[in-house]
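Here are my notes for a colleague opening this entry for the first time. Please read them with the structure in view.

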Amino acid sequence: MSDSLGTGEQHAPAELLEIPAGARPPLSRTVSNTLRPGAHSEFLLQAKKNTILKSHGRPPWYDEDGHSVGDAFVIGIAGGSASGKTHVARRIVQSLGSIPTVVILSQDSFYRRHSPEDLELAFANRYDFDHPDAIDMPLFASCLADLKAGRQSNIPIYSFTEHQRLDETKYLYGASIIIVEGILALHDPALRKLYDLKASSSQAHNYHTRRISRDTKERGRSVDGILEQYLRFVKPAYDNFVQPTSRFANIIVPGSDNTVAIELIATHVRRKIEDRSRYLRKSLARIGPRDLSPGDIKDQHFPNLTVLPQTRQLQGIFTILRDRTTTREDFIFFTDRLSTFLSEKALEYLPCAKKDVTTPVGATYAGKQLAVDHVCGVSILRSGGPLERGLRRVIQDIRMGSMLIQSEDKTGEPLLLHLMLPCCIRERHRAEKSFVFLLDAQIGTGAAAFMAIRVLLDHGVPQENIIFVTIIVAACGGVRVLQRAFPKVRIICGAIDPVLRESWALWDTLPSPEPADGDVRSPTAKTKAEAEAEGRKVWVVEPGMGHIGDRYYL
Amino acid sequence: MVVSNSPTSQSTPASLPPSVFTLPQTAQLEALFTIIRDKETSRGDFLFYSDRIIRLLVEEGLNHLPVIPKTVTTPTGATYEGVGFEGKICGVSILRAGEAMEAGLREVCRSVRIGKILIQRDEETAQAKLFYAKLPQDIAQRYVLLLDPMLATGGSAIKAVEVLKEHGVPEDRIIFINLIASPEGLKNFCGKYPLTRVITGWIDQCLNEKAYIIPGLGDFGERRYCV
């Protein structure tokens with residue numbers, strides 16, 4: 001029992017790090033108003049340092065065809081016990097500056113589940129934790145392979161106090177850089193194949209002091225026990241298994257005074273990541289709406305796009321929702337009514353199987369029942385929210401996940417800021433059998449929808465099980481790109497609007513002809529000059545309904 | 001663009017009167033009916049799933065109301081040529097089962113006025129007899145959504161329309177909404193009032209000798225309120 005230096009955690013660490021708030025650039029979504037004017041300058045000053053990857057969210061990791069571009073960059077760090085591997089990992093993260101997401105994966109998470117006999121030895125300090133057999137290498141490699149390929153992974157949690165693997169697991173997804181650290185990180189050939197960069201840290205001179213102080217303070221061991229364990233297991237393991245693997249390393253990092261080595265690694269990783277993102281930029285620049293001539297979707301063939309039948313009531317509801325003089329109360333009521341109807345329509349696409357029932361009058365009815373294993377909703381915040389009530393009215397206890405996707409100001413690139421998925425999607429074998437209602441108020445450029453669908457596909461949800469529920473689709477916008485990249489994803493909408501145009505984010509300041517109760521306008525109204533100064537251009541769907549999230553919530 | 005049309009077991013009678021409209025007969029709708037028909041279904045599920053059907057029925061019924069052209073300006077300054085709702089409406093439920101449809105009606109038409117009619121069988125004459133009616137005062141100027149979940153023989157629905165006509169509501173301004181109809185009931189009702197539109201969720205096989213709809217779902221009011 002030896003590793004995981006200085007983490008101060010009882011459970012093996014496998015955490016998703018986020019870049020501190022100070023480094024975050026300003027953000028905006030299609031037509032959102034998330035920032036108050038004047039709050040920008042200090043962000044920009046700090047964002048400058050982060051020359052290329054200046055986001056704190058996850059930028060696109062796929063090309064315009066929806067295929068993932070490149071795996072995560074994986075660094076493996078091996079080295080003797082308490083030689084400073086975690087320290088090295090953290091220094092690398094630090095010197096990388098602003099990068100989307102990093103995972104530090106520790107070998108300690110992958111200790112095998114112990115038998116009662118092993119457990120007895122472990123509590124007597126007589127179990128050899130430093131032997132390769134103590135580690136569940138196949139599981140380690142398969143988790144790492146999943147993460148590297150951009151899939152979700154549920155890694156085990158090992159408790160040092162109980163000397164046992166716990167029943168719960170830790171869900172991880174979406175790292176662009178993975179740092180694997182452990183004394184035997186370079187031991188297993190399957191693992192070695194997954195690394196893009198292999199490093200080995202050499203023992204620091206104050207090694208014994210650090211080890212004793214850590215194990216007594218954090219793990220409640222006695223000095224005698226530590227020394228005994230050292231002589232019995234740690235030293236032989238180092239000589240037999242750890243030290244020999246250093247020949248696989250691309251770079252040896254000294255345990256102390258390692259600034260130069262860390263800088264070398266960080267520079268290498270940065271360059272790799274930059275190359276990748278430059279390629280993506282180029283590819284995604286072609287994604288945006290190209291043909292902006294007012295379109296009529298009837299001319300095109302979209303086999304998986306369903307529009308609600310344009311009945312009188314539906315037209316009447318849309319007239320109310322589009323009207324800028326509509327009160328907030330009416331807007332909410334009719335949005336809920338529309339979303340209920342949309343959800344009913346969406347449910348028609350769930351598969352049904354035959355079922356016979358007996359009615360209270362004793363007759364047999366040959367009917368049908370839903371034939372699905374898991375159903376859940378995922379709303380793209382904030383505008384997907386207005387569709388949630390409708391979905392709950394048709395499936396009362398439906399599990400609801402959420403994603404927050406915003407566009408970065410300067411590039412217009414979508415960023416995944418937050419992801420909370422229902423349990424049935426977190427586990428791949430269940431995700432493969434899940435049906436997901438993806439909710440967003442409209443599809444304009446389609447950038448957020450594109451990213452959201454990609455997230456679900458990464459988790460193993462089949463395309464044909466994704467049902468995108470939305471109020472308005474812009475005929476000339478991203479819907480074409482979506483349907484080309486994901487031809488089996490079904491889209492259900494209430495209306496198709498002809499125009500998608502770029503404009504300064506000021507449209508909600510148009511003078512209200514009838515300021516009914518003074519609360520109808522959005523409180524974030526701006527002048528044209530202010531909007532231009534902020535440099536915020538947004539895509540507007542027309543005739544549209546204005547900003548649906550603002551009108552529903554603000 | 002696809003309008004979903006999943007095949008179902010529904011067999012529409014060959015000679016459906018022109019004033020009868022059914023919901024789109026999807027597998028999804030059939031699954032909803034399967035739940036509420038099942039005698040093992042709990043009361044909570046019966047409430048929830050019958051409400052879902054009722055909402056769809058009310059939405060369909062409202063589509064038969066007239067609209068007028070209306071042009072509005074959107075928040076982005078664009079113009080939209082839409083439609084506005086025309087005419088006032090009210091609901092009238094036939095006690096006691098019809099009341100079960102009121103919640104669904106109000107979810108779609110906020111704060112709509114609702115009148116109530118109690119009609120029962122006169123044991124002496126075996127005819128439907130009006131026992132009680134409380135209707136909005138200006139009902140003659142309104143479109144009326146008449147609510148009764150089951151159309152079996154059509155006796156009480158016919159009586160209810162008679163009462164509404166006495167209150168000055170023209171026959172063609174009444175929309176009768178029910179979940180399940182029998183072919184016999186539709187024939188009786190539409191024979192008597194050909195101008196009243198009937199919106200129904202499902203047309204069942206027949207009536208049995210006790211005038212229960214087969215396969216039906218039993219007594220709707222009983223299951224909704226009591227069981």
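1. Is the crossing of α9(A) and α10(A) left-handed or right-handed? The crossing is left-handed. Bear in mind that this is a predicted model.

2. Some geometry for that pair. Two packed helices are described by the angle between their axes and the distance between the axes. Helix α9 of chain A covers residues 312-322, and helix α10 of chain A covers residues 328-347. Their axes come within 9 Å. They cross at roughly 145°.

3. Which residues make the contact? From α9(A) come Ile317(A), Ile320(A) and Leu321(A). From α10(A) come Asp330(A), Phe331(A), Phe334(A), Thr335(A), Arg337(A) and Leu338(A). By class, the contact of α9(A) with α10(A) has six nonpolar residues, one polar and two charged.

4. Now the layout of chain A. Chain A is divided into two parts: domain 1 (16-21 + 66-284) and domain 2 (297-351 + 371-499). Taken over C-alpha atoms, the centres of domain 1 and domain 2 of chain A are separated by 40 Å.

5. How many residues of domain 1 of chain A are in contact with domain 2 of chain A? Eight residues of domain 1 are, and they meet ten residues of domain 2. The domain 1 side of this contact divides into two nonpolar, five polar and one charged.

6. Next, the interface between the chains. Here 47 residues of chain B are in contact with 50 residues of chain A. On the chain B side, α1 (27-37), α2 (43-62), β2 (67-73) and β3 (79-85) each supply at least two residues. α1(B) gives the most, with seven residues. The side of chain B that touches chain A holds 22 nonpolar, 16 polar and nine charged residues.

7. Confidence in chain A needs a check. Chain A averages a pLDDT of 78, and 78% of the residues score at least 70. Among the elements of chain A, strand β16 (residues 434-439) has the highest mean pLDDT, 96. Helix α1 (residues 41-47) of chain A has the lowest, 27.

8. Which stretches call for caution? Over residues 1-55 of chain A, pLDDT stays under 50. The model has 124 contacts beyond four places in sequence for residues 1-55 of chain A. Residues 508-525 of chain A also stay under 50. For residues 508-525 of chain A the model has 27 such contacts. Where pLDDT is low, the predicted coordinates should not be read in detail.

Conventions. Residues are numbered from 1 along each chain as its sequence is written. Chains are lettered from A and ligands numbered from 1 in the order in which they are written. This is a predicted model: local features need pLDDT of at least 70, side-chain atom pairs count only at pLDDT 80 or more; totals for chains, interfaces and linings use all residues. Two residues are in contact if their C-beta atoms, placed from the backbone, lie within 7 Å. Helices (H or I, at least four residues) and strands (E, at least two) are DSSP runs, numbered from the N terminus. Ala, Val, Leu, Ile, Met, Phe, Trp, Tyr, Cys and Pro count as nonpolar, Asp, Glu, Lys and Arg as charged, and the others, Gly among them, as polar. Axes are lines fitted to C-alpha atoms, for helices over the stretch in contact, and angles run from 0 to 180 degrees between N-to-C directions. A crossing is left-handed if the near helix is turned anticlockwise from the far one by less than a right angle, and right-handed if clockwise. Domain bounds come from an automatic or database domain assignment. pLDDT is the predictor's confidence in each residue, from 0 to 100.
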